[in-house]
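User: I would like the reasoning behind some helix descriptions. Please set each value against its cut-off.

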Amino acid sequence: MKNRRGGLLLYAIFYLAFLYVPVAFLPLFSFNKSVFIAFPLSGFTTQWYAQMFDDADMLRALGNSLEVGAITATLSTVLGLLAAKALTRYRVPGATALLGFTSLPLFIPDIVLGISILILLNAVGVPLSLVTVIAGHCLICVPFAITVLMSRFDGFDKSLEEASLDLGEGGWMTFWRVTFPLALPGIVSSLLLTFIVSFDEFLIAYFLAGNEATLPIYIWGQLRFPEKLPAVLALGALILVASAVLVVIAEWVRSHGFKDRHRMIGA
Amino acid sequence: MGERIVRFYRRSEAARGLLLLSPTMAIMLAALAAPMVLLALYSFWTQDGYTVNTQATLAQYATSLGRPTYRALFYRSIEISAVVTLITVLLAYPMAYFVAFRVEKTKFVWLILLTIPFWTSYLLRVFAWKLILGYNGVINSGLMSLGLIHQPLEFLLYNPTAVVLTLAHAWAAFAILPIYVSLEKIDRSLLDAAADLGDGPVRRFLRVTLPLSLPGVIGAAVLIFVPTTGDYVTPSLVGGSGGVMIANVIEEQFDKVGNWPLGAALAMASMAAVGVVTFLFVAAMRAASARLR
């Protein structure tokens, strides 16, 4: 028995290594002096990071991505909140079908989502811009927001909201004073995760961005130029670290919540 | 009239639920359903210079399915994705099993470690493999500086195997969660019961754990197979000419070539092909799991 556990643990460690080691080459070579991404390492430098931050196009793309990510996160979390509340608190006819419909974007290749929205925008005559990127990103972020928020709504007692209504609070006050604080860990988690999904998304933005570039589109454009690769690695390393930190915070908030707040409301 | 609607709204739970759902559904209809309908319509039209001739025709489908290069790409895309799905699920199962059954206090840490890659940049994770497998890449330069080889190995990058390897890595996290969830849900007393009734560990796994976790396995397989058939980034970066997939030619129709109806037909045909394969797979797995019990 003990032996079997050891075997599986060893496998798990190898599996984690398989997940992380390939990606670890990005930060490793971002500090390497040579412009060639190859062994042997030729010495430590931070010049690629400096070069990257001097690049006006990069900064503009970064600004665009932050903007698109923040708006997408807010919109998709609000939409997710409404849907999650409806699906967990009311007996909606056809709830399973509706939930299935909202998770459909997960099962359609991004390229198909991208070109189909492009066709629609073209038919309606909407010019491509960051706004259209936000629309595309909301489509893929809403399923994540709904999933995160539904699990949060399932996790606390409906009777708390009912008690508030019984005690004479109106629908909105009940939402702000009971539902919202209880759902807050889910909301924070959903905001962070949808932000990351949007911030890292390439293909849909590639079709819908028009002349503007988001950060992944900018990176895609740089990949053709070998002399620019080290700076791209520096940027990539920062993005990976920032994304990973946000995921850890989001998951932590989601599963541990804000304990003090719970107690406050429970009291 | 207005008052009656208000009263109905107050009374009916379903109506309130649907009202709350309506903004989300409206967005989904506008950004998902409407574009899909239009994509389907486009696939029956013809590109005529800079305009589109809306006379309905099956010409685009005839080209999509008739031209040998496109047919070869459909087969290759499905083949690559099927292999990726198989590898990813097989690798993920023991990992998910380990977290579900062998880890007790640190489940949370393991799950976070396994899901971080799922949320971080897909583009960069794929690009990492280009660096690793390239002609002057990590593996070649590493082996050469160790003196193990004198010439860079050329077979590493720009072929279907590189695409499979990269996709299996990029989608690994997608397989873990569904399998983990289905393993975690298994009632532990069933395992004790099987042991009490004399089943050894292997028999117990095959007769209780595996069949009960199959929904998660099927879910993981579908969640990987369907999107990877349409992957664009991986074949573009590491596939080379031998590793081109269907998404690459679809993109071309919407970019360089400018033949949107043909691109739409290729997209519709690939979704249909993937749908059929997925349906057959799920049906076969269901039948197999019924037999296992």
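User: What makes residues of H5(A) count as buried?
Analyst: In this predicted model, a residue is buried if 20 or more other C-beta atoms lie within 10 Å of its own. In H5(A), the residues that qualify include A:Asp110, A:Ile111, A:Gly114 and A:Leu121. The count is 12 of 15 residues, and H5(A) is therefore called mostly covered.

User: How do you know that the length of H5(A) agrees with a helix?
Analyst: H5(A) covers residues 110-124 of chain A. At 1.5 Å a residue, its 15 residues should span 21 Å, and the end C-alpha atoms are 21 Å apart, so the two agree. Just after H5(A), A:Gly125 takes a positive phi of about 85°.

User: Why are H6(A) and H8(A) called roughly antiparallel?
Analyst: Their axes cross at roughly 155° and come within 9 Å. Angles over 145 degrees count as roughly antiparallel, so the term applies to H6(A) and H8(A). The crossing is right-handed. Among the contact residues are A:Phe144 and A:Val148 of H6(A), and A:Leu193 and A:Val197 of H8(A). By class, the contact has 11 nonpolar, six polar and one charged residues.

User: What makes H8(A) roughly antiparallel to H11(A)?
Analyst: The axes of H8(A) and H11(A) cross at roughly 155°. The cut-off is over 145 degrees, so H8(A) is roughly antiparallel to H11(A). These axes come within 8 Å, and the crossing is left-handed. A:Leu192 and A:Ile196 are among the H8(A) residues that meet H11(A), where A:Leu246 and A:Val253 are among the partners. The contact divides into 10 nonpolar, three polar and two charged residues.

Key
Residues are numbered from 1 along each chain as its sequence is written. Chains are lettered from A and ligands numbered from 1 in the order in which they are written. This is a predicted model: local features need pLDDT of at least 70, side-chain atom pairs count only at pLDDT 80 or more; totals for chains, interfaces and linings use all residues. Axes are lines fitted to C-alpha atoms, for helices over the stretch in contact, and angles run from 0 to 180 degrees between N-to-C directions. Helices (H or I, at least four residues) and strands (E, at least two) are DSSP runs, numbered from the N terminus. Angles under 35 degrees count as roughly parallel, over 145 as roughly antiparallel, 65 to 115 as roughly perpendicular and the rest as oblique. A crossing is left-handed if the near helix is turned anticlockwise from the far one by less than a right angle, and right-handed if clockwise. Two residues are in contact if their C-beta atoms, placed from the backbone, lie within 7 Å. Ala, Val, Leu, Ile, Met, Phe, Trp, Tyr, Cys and Pro count as nonpolar, Asp, Glu, Lys and Arg as charged, and the others, Gly among them, as polar. The expected span of a helix is 1.5 Å times one less than its number of residues.
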